[in-house]
Amino acid sequence: YEGHVLAGAKNILKNKIPLVIEFWPYGLNRTSGLPLLISSLSQYKGFYDLASPGEFHDINELNLYYNKIGLDGKFVDLLVL
C-alpha cells in the first residue's frame, strides 16, 4: 500500500525527505498502487536499490524496475532521494 500511503502524504513529500520503501511489484499490482507511487515520488530525483546501492536510478525508471522485478513475489527496498 505504499502508493496509497504516499498519495496521502503530499505535504510531507514536498520537502523531499529521503524515504526507504519496500518496492513489491506484486503488491503494487494487487492494490493498483503503482500509478499512485509514481505520482507521489515524481518530484524526487531517483533511487538506490539497497541490495545493490552502487547504482543510482532516475526516478523515471520506476516502471522499468517494476518490470525488471516482475510479479512473482520478489521485492526490493529502495532509498528514494
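Residues are numbered from 1 along each chain as its sequence is written, and side-chain values use heavy atoms, with hydrogens and water left out. Because the model is predicted, local features need pLDDT of at least 70 and side-chain atom pairs count only at pLDDT 80 or more, whereas totals for chains, interfaces and linings use all residues.

The description begins with the sheet. Four strands, 4 in number, form an open sheet in the order β1-β4-β2-β3, with antiparallel pairing. Because β1 and β3 stand at the edges with a single partner strand each, one side of each is left without a neighbour in the sheet. From one strand to the next, the twist averages 35 degrees (axes are lines fitted to C-alpha atoms, for helices over the stretch in contact, and angles run from 0 to 180 degrees between N-to-C directions). Strands (E, at least two residues) and helices (H or I, at least four residues) are DSSP runs numbered from the N terminus. Two strands count as paired if DSSP finds at least two bridges between them.

The individual pairings follow this order. β1 and β4 are joined in the antiparallel sense over 5 bridges; within this pairing, Ile21 has Leu78 of β4 as its bridge partner, and Phe23 has Val76 of β4. β4 also pairs with β2, again in the antiparallel sense, over 3 bridges, and here Val80 of β4 stands opposite Phe47. Phe47 has His57 as its bridge partner in β3.

In a regular strand the side chains alternate between the two faces of the sheet. In β1, the covered face consists of Leu19, Ile21 and Phe23, and the uncovered one of Val20 and Glu22.

After α5 comes Gly70, which has a positive phi near 85 degrees.

In soluble globular proteins, nonpolar side chains tend to be buried together. A nonpolar core is here a set of buried Ala, Val, Leu, Ile, Met, Phe, Trp, Tyr and Cys residues joined through side-chain atoms within 4.5 Å. The largest such core has 20 residues, and those with the most contacts inside it are Leu19, Ile21, Phe23, Leu41, Leu78 and Val80. At least two residues of this core come from each of β1 (19–23), α4 (34–40), α5 (62–69) and β4 (76–80). α5 gives the most, with 4 residues.

Contact means heavy atoms within 4.5 Å. Leaving aside neighbours within four places in sequence, Val80 is in contact with Ile17, Pro18, Leu19, Ile21, Leu41, Tyr44, Gly46, Phe47 and Ile59. Leu37 belongs to helix α4 and is buried, with a relative accessible area of 0%. Beyond residues up to four places away in sequence, Leu37 touches Glu2, Gly3, Leu6, Ile21, Phe23 and Leu28. Leu37 and Val80 lie 43 residues apart in sequence and 12 Å apart in space, C-alpha to C-alpha.

Two loop residues other than glycine have positive phi values. Lys16, in the loop between α2 (10–13) and β1, has a phi near 55 degrees and is partly exposed, with a relative accessible area of 47%. Ser32, in the loop between α3 and α4, has a phi of about 55 degrees and is exposed at 52% relative accessibility.

Definitions and conventions:
Buried < 20%, exposed > 50% of the residue type's maximum accessible area, 1.4 Å probe, protein only.
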